[in-house]
Amino acid sequence: MTLQADLRVARGGFRLGAELAVQPGEVVALLGPNGAGKTTALRALAGLLPLTGGHIRLGGRTWDAPPDVLVPAERRPIGVVFQDYLLFAHLSALENVAFGLRARGAGRATARAEAARWLDRVGLAAHAKAKPRTLSGGQAQRVALARALATSPELLLLDEPLAALDAATRLHVRAELGHHLRDYPGHTLLVTHDPLDAMVLADRLVVLEHGEVVQEGTPTEVARRPRTSYVADLVGLNLYRGTAHGTTVSLDDGGTLTIATPASGPVHVVFPPTAVSLHPEHPTGSPRNAWRVTVAGIERHAHTTRVRLDGVPPVLADITTATVADLRLQPGDELWAAVKATETHVYPS
Amino acid sequence: MTSTRRRARGRLPVVLVLPAVVGLAFLLVPLVGLLVRAPWDTLPEQLFSSSVGEALRLSLVCASLATVVCLVLGVPLAWLLARGDVPGRGVLRALVTVPLVLPPVVGGVALLFVLGRRGLVGQYLDAWFGISLPFTTAGVVLAEAFVAMPFLVISVEGALRAADPRYEEAAATLGASRWLAFRRVTLPSILPGVVAGTVLCWARALGEFGATITFAGNFPGETTTMPLAVYLALETDPDAAIVLSVVLLLVSVGVLAALRDRWISGPS
Amino acid sequence: MRALVLVALLAVTGCGADSGGADSGGAEAGGAVAGKVTVFAAASLTETFTRLGEDFEAAHPGVEVVFNFGGSSALAQQIAQGAPADVFASAAPANMTQVGDAGGISGEAVTFARNRLEIAVPRGNPAGITGLADFGDADAKIALCAEQVPCGAAAKRAFEAAGVTARPDTLEQDVKAVLTKVRLGEVDAALVYRTDVRAAGGEVVGIEFPEAERTVNDYPIAPLAKARNAAGARAFIDHVRSDRGRAVLAEAGFDAP
């Protein structure tokens, strides 16, 4: 039961040609700049926009294969979380969640009971009767997620699900969304322009530029071997999963990092490659994190040079061309990497 | 330090306030004239006379039925104009407003041409089913609906075009057919527009004169609505005409005020 | 083309026949006729007065006749409210009396024409109407004027005289509206003025009936007390009452007084 899509849409001057495959239980993030065709891809999968070529298949069924087959949105087993949620303003949170069940033929009482269960799962049982306009951004997002999942869809589509939230709310909602996505057994496609969302939430990234897939792979693969400067700039994050005890985080894949703000439990630690400095000797002074690394690769981009470094943990560093020359960097060189604790960002996971 | 009240946003501009006050007076002073001239002493007597009661009852019934006809036909029409992929939508939209600019009497004649005994459609209605619409209460309802429907259609279409169609898409992704999405999502979201249109439509139907008297004629108890009664009373007994007008005025203002409080006061 | 020639001829003969009368009128009034003459006239006089106005203007260069046609009662009310009129020609004496009682007319009103009702049926007379008795038939579609307007009051007198209880389907607000219903074939029969039947040409067929005698109504005309052009008003009234005026009125179906 794999989702297989060859999405071809030609509209005006814009062309989308992207192949996607999503396994059950897998979360795939479609990442790309504005205008890359992410939303077009999502709308085609949802059935809101017919393909002009290619196909969409899930398991043995074909949803779209022009010119013969087109299953309309309301007959596809999908759930969609829209960017601004599009909760029905005149319905309560409970009625919003029950809407899909009712539309798919469930009785009133059954639908309401099931909706109540879903609201409980997203922690909003107390807000069942609330109208959407009285909910906070984070609450509305959870209602939208419950509404999309309540019909047990085979394909869950999320369109910039965190974009409408302020930075503080985002942290919690992102972590929570991650939990729900891990529990969800179906296929998930997450559309976002935010690399952090993509890397934290997705099992696999598909990077779209100008309507074409430019790169795909696990977040680590993509981050470590960016193929275009867009990918390098945006996806080139150092991202680690680990467990925090105070200001120390033990990384799942080995190594420890010191962070500035105490935390506890499972977290993501993120810092940009520009926060990493390279030294021929163990650095003295302020950096709290310093460890031995080996140069694995050097890539030159427009203004900087990105150095891939193996170590515990492996790390990416962006350094100036002058520094490259000073250090006479070659693959295989041994160096010290250093990151200030204050440069790290920690997110609960 | 000054004793004058502080204003956050400066004075109201005279170029707006002055015409606004003149406009208000222009609309309200004729009503005042009507109320001043009304023979208040004989008003209760006129009010409870059977012919006034009959005309008032007929007016209310016909205007309400016409409004129902307009809702049943006009809301789907508005939806088609706002959302349907019909070619020549702009022309259709303009055509829908024709009854607004057509003198109502001409509208009545046009209805006779179509639904009259010898009309394009009416001749078959008469020959096959024995249905004759002119000079009947049904004719009044049709004439009023013809003239009033554009008010509803324009109002609902405006609301539909302002409504975000993505909510319908959201409903579709939840498994709702277009009909269900319209009923459960779109209609509730444009309800204020529908209510405003309904009120306008009802008010227009209540005051309808030209198309009604031309198409449905004038017969007490059958087709004599308040405006027709007013017009005929004006021929012989202007006082009675004023009384009838005041009654029509009070009833309609009462109904509209009640509806406004309930529906059009904006989101709470 | 032929109609045009006829109109031209009438205009020329009208000129000749009229100039004497107008002269004498002018002499009586003791002044030359000039300026604008404003005439408020019943709607049923629209065609005849328009023609007479053209004649009058042709006979009196520099004179302009301005008409305001409408329902007699509405015109009477307008005059009472101070509308600037020189002449009032009413379709019913009652409206003239109304203006006269308020001191609105100068001198006496005179009757210049009479009208009577006729049965009007659509071309072909589909319901086979022969007389007033058929107006009591429930199956026939009947249109009458409302009793509040003069043609309705006249119809009431006719039915009383004939001993018929009419069963109308509609009581129209004026006689033109009744005529429209007959023209369109929406009703089988109606009572309208003879002049209206005549004006409708071949589209409507008129049937005379004996009780029509009881429906005759007088058309009075009078100069108004507040006339700005008293000489013009008198001259126009004389013109209406001249041989030429009578001929035009008779052609339209009016009876002479």
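1. In chain A of this predicted model, Leu278(A) has Ala337(A) of β18(A) as its bridge partner, strands being DSSP runs of E with at least two residues and helices DSSP runs of H or I with at least four residues, both numbered from the N terminus. The bridge belongs to the pairing of β14(A) with β18 (residues 334-339) of chain A, in which 3 bridges join the antiparallel strands; two strands are taken to pair if DSSP finds at least two bridges between them.

2. On provenance, local features need pLDDT of at least 70 and side-chain atom pairs count only at pLDDT 80 or more, whereas totals for chains, interfaces and linings use all residues of the predicted model. Residues are numbered from 1 along each chain as its sequence is written, while chains are lettered from A and ligands numbered from 1 in the order in which they are written.

3. The sheet that holds this pair is open and consists of 5 strands of chain A in the order β14-β18-β15-β16-β17, with antiparallel pairing. Because β14 (277-279) and β17 (315-319) of chain A are the edge strands, each with a single partner strand, one side of each is left without a neighbour in the sheet. On average, neighbouring strands of this sheet are turned by 45 degrees against each other, direction ignored, with axes given by lines fitted to C-alpha atoms.

4. An automatic or database domain assignment supplies the domain bounds, and chain A is divided into domain 1 (3-235) and domain 2 (238-348). The centres of domain 1 and domain 2 of chain A, taken over C-alpha atoms, are separated by 33 Å.

5. Between these domains of chain A, 11 residues of domain 1 are in contact with 10 residues of domain 2, contact meaning that the C-beta atoms, placed from the backbone, lie within 7 Å. On the domain 1 side, two or more residues come from each of α5 (167-183), α6 (195-201), α7 (219-224) and α8 (229-235) of chain A. That side divides into 8 nonpolar, 1 polar and 2 charged residues, where Ala, Val, Leu, Ile, Met, Phe, Trp, Tyr, Cys and Pro count as nonpolar, Asp, Glu, Lys and Arg as charged, and the others, Gly among them, as polar.

6. The contact of chain A with chain B takes 17 residues from chain A and 14 residues from chain B. On the chain A side, β7 (78-81) and α2 (93-103) each supply at least two residues, and α2(A) gives the most, with 3 residues.

Note on methods
Contact = placed C-beta atoms within 7 Å. Axes fitted to C-alpha atoms, helices over the stretch in contact; angles between N-to-C directions.
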